[in-house]
Amino acid sequence: MPFISLRQNYTKTDMRKTFILILGSIITTQAISAQTKKNAQNLTPAQQLIANTGEDSLNSFSNGSRTVISGYGDLAYQRDFNEATSTIGLKRAVLFVGHQFNNRIAFFSELEVEDAKVSGGEPGGEVSMEQAYLKFSLNPRQYIVAGLFVPRIGITNENHLPINFNGVERPMVEQLIIPSTWRELGVGFYGQSATIPFTYCIALINGLNNAGFEHGTGFEGGRAEGRNAGANNLAVTAAVQYFAGNWKFQVSGYAGGTTPLKKAVADTLGLSAGSFGTPLYLAEADVQYNNNGLSFKALYCNVSIPEADKINSAYANNTPSAMMGFYGELGYNLLQKTKSKKWSSKQLVVFGRYEMLDMNAAIPSNGITDGTLQQSHIVAGFCYLPIPNVVIKADIRLMNTGAANPLITSLPYNQNNSFFNLGIGYSF
């Protein structure tokens, strides 16, 4: 027999084990393939499009080189009823350029322009690289990325195209607690199990800068986003996903230092230096469901900054020692069961979302509580997709907060407010 001629001490027991492993691998591969097809069938047309963006069409190309150009963007109008003011603007326009060098190596990039225009001396507007990284495919199930990329944290951070989330605005929790779109420089390893519908990833990236933390924005200002990132401090982020029928479960986390200064300077400010000095920890869990036009999302996130008192002593930026937030969302495509050929390819999703967040869930002894950062949001509206890659959105957001602290602001403050949002978005 061929096996025996290659290795004389290869026993029948070994052969049976090998046969079982091979058979198990074949069955598992078929099961994952079937699960993937089933999940794809349960996705809305917009979600199916996300699974076939320029990046993925680049991934599927394996013969020679290929360059792909795509992009996305959104425009929004908002009416603030308390302030009796309205604003409208091109929130972002993003150009994706990718290149497949061969079946192992590819390049991905996203160039983003926010608020349409950047002018010297004027507020607003930003031009930035949202992503720029190389992808090295090790095998069909595992790959490495290196460069500026978006870590897998939460739901919206990776899936931030406007046709892929309900509402004109991204969920408030994934703006204020998880500052989407959050990208950093580093290297990451991604893969999926060969035996169960399970994915995993771990990445080493640059850490945050606590000098940039600002009251009311969490740690958003501490992100480097690829520009002059401090490399004295580092961070590790990881996530696991599990698919069960129409359900998707994820747990993700982040742990990193927030002091990029050298030790001598950090010591003078009373901050802990080193790779994970003055740490910040983030833990997140979410679940998603999609079947026959019905969709459900829920997410919980907690952020801990155990040495916030040291940051406040150094920079007086009122950094909290803990933040938290969660939301739940339910949506339904009213055109899911239509028998009309004219409307069957379109979507009209009505949805409702409840969010609760507290950006000063815990305050160090030298911090000040701000009740306006204890918020709840109720959002209800619709998303109409005449074709899978174009969306028209409208919603109402009702906001309630705690009372303002007179030590922070002496201006009159209304704890309740409402907003009307109208927007369009596209992806190609």
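## Close-ups of aromatic and nonpolar side chains

**View 1. A nonpolar patch on the surface.** Phe81, Tyr300, Phe326, Tyr354, Ile378, Ile396 and Leu398 make up a nonpolar surface patch, together showing about 630 Å² of accessible area. Patch members have over 30% relative accessible area and no salt bridge, with nonpolar side chains (Val, Leu, Ile, Met, Phe, Trp, Tyr) joined within 5 Å and like charges within 9 Å. Areas come from the Shrake-Rupley method with a 1.4 Å probe, and for residues only the protein chains shown count as cover. A salt bridge puts a side-chain nitrogen of Lys or Arg within 4 Å of a carboxyl oxygen of Asp or Glu. The model is predicted: local features need pLDDT of at least 70, side-chain atom pairs count only at pLDDT 80 or more, and totals for chains, interfaces and linings use all residues. Residues are numbered from 1 along each chain as its sequence is written, and side-chain values use heavy atoms, leaving out hydrogens and water.

**View 2. A tilted ring pair.** The structure holds 13 aromatic pairs (Phe, Tyr or Trp rings, six-membered for Trp, with centres within 6.5 Å; planes under 30 degrees apart are stacked, over 60 edge-to-face, the rest tilted). In one, the rings of phenylalanine 189 and tyrosine 200 have centres 6.1 Å apart and planes at 40°, so this pair is tilted.

**View 3. A ring cluster.** Here, ring pairs tie Phe96, Phe108, Tyr133 and Phe149 into a cluster.

**View 4. Charges over rings.** Lysine 393 lies over the face of phenylalanine 165, 3.9 Å from the ring centre. Likewise, arginine 397 has its charged end over the ring of phenylalanine 419, 4.3 Å from the centre. To count, NZ of Lys or CZ of Arg must be within 6 Å of the ring centre and within 35 degrees of the ring normal.
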